[in-house]
Amino acid sequence: MPLPWQTALPLPTCHPRLVALLPFLCYTSGRHPSQRGEDSWRRVYAVRVLFVLQQVDYEPLGIMHLSSVLKQAGHEVRLAVASDEDVVQVAREWKPGILAYSVWTGGHRYYLDLNRRLRQVVDAFSAFGGPHATFFPEMIYEDELVDGVCVGEGEYALLDLANALEQGTFTPTIPNWHFRVDGEIVQNPVRPYIADLDELPLPDRALVYDKDPITRLSKIKHFISSRGCPYDCTYCFNHAIAAIYKGKGKRVRQRSVDSLFAELEETRRKYPLEFAVFLDDTFILFRDWLEEFAQRYPKEIGIPFFCNVRANLVDQWVVDRLKRAGCVSVGMGIETGNDELRNTILKRNMTKEQIVNACLMLREAGIHVITTNMVGLPTGGIEDDWETVELNARCRPAYANAFIFQPYPRTQLGEMAREQGLLEGDIDDIGAAWDHSILKFPPDEKRQIENLQRLFAIAVEWPWLIPLIRWLVRWPRNPLFWWAYKLWKGYTIKTRIHPVRLSLREYVLIVRRFFRLT
Ligand code: B12
Ligand code: SF4
């Protein structure tokens with residue numbers, strides 16, 4: 001479809017840069033600013049931002065944060081969810097000025113295709129953000145319908161873009177953005193980290209809850225009290241984001257207890273809330289903060305919660321604070337049982353003893369531990385993965401979650417795997433499900449690794465089954481193992497990790513969503 005400026009506008013004979021900017025200058029009105037009246041030059045109409053999601057899996061906190069900042073500045077924001085409605089129809093009728101996508105690696109192809117469909121019916125600016133856009137802004141080179149890619153924190157980046165498009169003052173110099181201008185890509189550096197997270201408005205939960213009754217009515221809701229993590233585990237996105245933000249402020253930012261409690265209270269006032277999941281990468285980093293949290297939480301909030309911890313930070317002092325506050329379950333990365341892989345390849349820098357002691361201390365206090373692990377690691381093999389099963393079995397977790405390693409772009413380990421030729425595919429082969437490996441392993445070993453991922457938690461729960469499971473993983477891949485994985489995971493998460501009472505209807509809805517989730 002020809003765009004307005006390609007048909008209606010007389011081509012100016014001015015500097016090529018201005019010609020390049022023309023598409024953007026016209027986004028809000030379809031006409032060059034000089035063709036508008038004086039008032040409309042100052043304010044044409046508020047840019048409408050349409051976030052488009054494939055499906056709702058819990059609260060997408062990133063989008064909710066972006067929405068509240070945009071709304072505070074007077075922009076109209078709407079969410080369209082492809083699994084529940086005809087998003088093409090929504091875009092056609094609502095006519096957004098910005099199509100906004102939050103993209104993770106593995107989901108990127110879906111959103112690029114969706115954007116192509118939406119751009120057939122609406123002439124809007126296509127903005128991509130989220131982890132994939134941050135670590136692979138090169139996605140802008142791959143598709144001429146990607147107008148801008150946001151690297152890193154998006155609140156002020158998207159606000160600046162929306163303001164500029166609304167006011168007709170757009171220039172492709174907005175920090176954090178990579179723009180396509182006249183066939184060329186303009187890359188802008190990131191702005192400093194948002195130093196004080198308390199300055200942000202509370203996330204716009206209504207954006208999602210008004211659309212998705214399952215998430216709104218769920219008694220379990222998700223929160224985040226900090227951004228960033230000081231560790232440099234090679235497979236994780238944190239060292240990669242720190243490299244992008246080098247010299248741009250403090251890597252880990254923690255909200256005040258007041259700010260977090262205000263969000264919890266507001267959420268509880270408006271929606272059901274009986275269990276809080278804190279998504280922070282590591283909840284126990286700052287002892288002063290934890291002390292204040294543990295003293296006030298039981299009196300002011302008083303609902304059970306889940307959070308993530310790191311084994312080297314867990315001691316009796318921390319366990320006492322978590323217990324006193326009302327923590328019922330924690331997530332803790334073990335990742336691999338092999339010392340060399342864990343400390344040299346993954347840079348976890350922790351011993352087996354630290355891991356086992358942390359788990360047992362938490363267990364003794366009655367706090368359930370869900371461990372996270374990776375099988376199919378670069379330079380590793382199936383026998384290392386069995387060592388991971390054994391280390392987990394010593395820890396006796398409430399559930400042992402295993403994923404198949406995925407070489408995410410810009411992470412040290414992802415790049416190392418790529419450079420050393422260990423990959424069988426490329427970024428496009430990274431799936432959304434963490435259930436298959438794109439590393440080169442002999443076919444028989446790869447099958448065993450993928451089967452072990454499904455049966456991992458069962459082997460950890462009943463270690464006497466290990467000889468049987470060693471035999472089973474040699475079988476062809478089959479849906480039976482997947483069912484065993486999903487059923488055991490669903491049961492333990494419901495009963496041990498997030499133990500809330502559910503009505504029959506809630507049960508049915510949650511089970512349906514759980515089986516949809518990867
Ligand atoms: C909670 C969580 C989940 C939840 C919910 C995800 C969701 N839909 O929000 C669940 C469990 C469903 C999940 C699933 C997956 N997740 Co996840 N998840 C997280 C986690 C722990 C927190 C996300 C969060 O809320 N962050 C806080 C908000 C404020 O930050 P944010 O989302 O990044 O958004 C900011 C910026 O990215 C940017 N931004 C985001 N979107 C947009 C859009 C636009 C237009 C703009 C301008 C800016 C912008 O601005 C936001 C505000 O500053 C992160 C790790 C982390 N600490 O961030 C991993 C993380 C995002 N997940 C990751 C992955 C890989 C997955 C899965 C593919 C794994 C799997 N197979 O299960 C799936 C993907 C499926 C899906 N539908 O999302 C990776 C992504 C890596 C990558 N390169 O893409 C991360 C980074 C963890 C990691 N392994 O390193 N995940
Ligand atoms: S401790 Fe966890 S969140 Fe922090 S860098 Fe390592 S893997 Fe990432």
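H20 comprises 19 residues, 443–461. From its first C-alpha to its last, H20 reaches 28 Å, close to the 27 Å expected at 1.5 Å a residue; the expected span is 1.5 Å times one less than the number of residues.

Residues are numbered from 1 along each chain as its sequence is written, and chains are lettered from A and ligands numbered from 1 in the order in which they are written. Because the model is predicted, local features need pLDDT of at least 70 and side-chain atom pairs count only at pLDDT 80 or more, whereas totals for chains, interfaces and linings use all residues.

The protein contains 23 helices and 15 strands, which are DSSP runs numbered from the N terminus (helices H or I, at least four residues; strands E, at least two). Of its 518 residues, 41% count as buried. A residue is buried if 20 or more other C-beta atoms lie within 10 Å of its own, exposed if 12 or fewer, and partly exposed in between, with C-beta atoms placed from the backbone. Among contacts with a separation of 6 or more, 75% join residues 24 or more positions apart; two residues are in contact if their C-beta atoms, placed from the backbone, lie within 7 Å.

Ligand 1 is surrounded by 37 residues, of which the closest are Gly 62, Ser 102, Trp 104, Gly 129 and Gly 154; a residue is near a molecule if its C-beta atom, placed from the backbone, lies within 6 Å of it. This shell draws at least three residues from each of domain 1 (33–187) and domain 2 (218–508), with bounds that come from an automatic or database domain assignment. At least two shell residues are supplied by each of helix H4 (61–72), strand E3 (98–102), strand E4 (125–129), helix H7 (131–135) and helix H9 (155–167). By class, the shell has 22 nonpolar, eleven polar and four charged residues. Ala, Val, Leu, Ile, Met, Phe, Trp, Tyr, Cys and Pro count as nonpolar, Asp, Glu, Lys and Arg as charged, and the others, Gly among them, as polar.

Helix H7 includes His 132, which is buried because 24 other C-beta atoms lie within 10 Å. Not counting residues up to four places away in sequence, His 132 touches Val 103, Trp 104, Thr 105, His 108 and Met 139.

The shell around ligand 2 consists of Cys 229, Tyr 231, Cys 233, Cys 236, Asn 238, Asp 281, Thr 282, Arg 310 and Gly 333, divided into four nonpolar, three polar and two charged residues.

Gln 354 lies in helix H17 (352–364) and is partly exposed, with 16 other C-beta atoms within 10 Å. Its C-alpha atom is separated by 6.2 Å from that of Ala 311, 43 residues away along the chain.

Most residues other than glycine have a negative phi. Arg 396, in the loop between helix H18 (382–395) and strand E15 (399–404), has a positive phi near 50°. Arg 410, in the loop between E15 and helix H19 (412–419), likewise has a positive phi, of about 75°.
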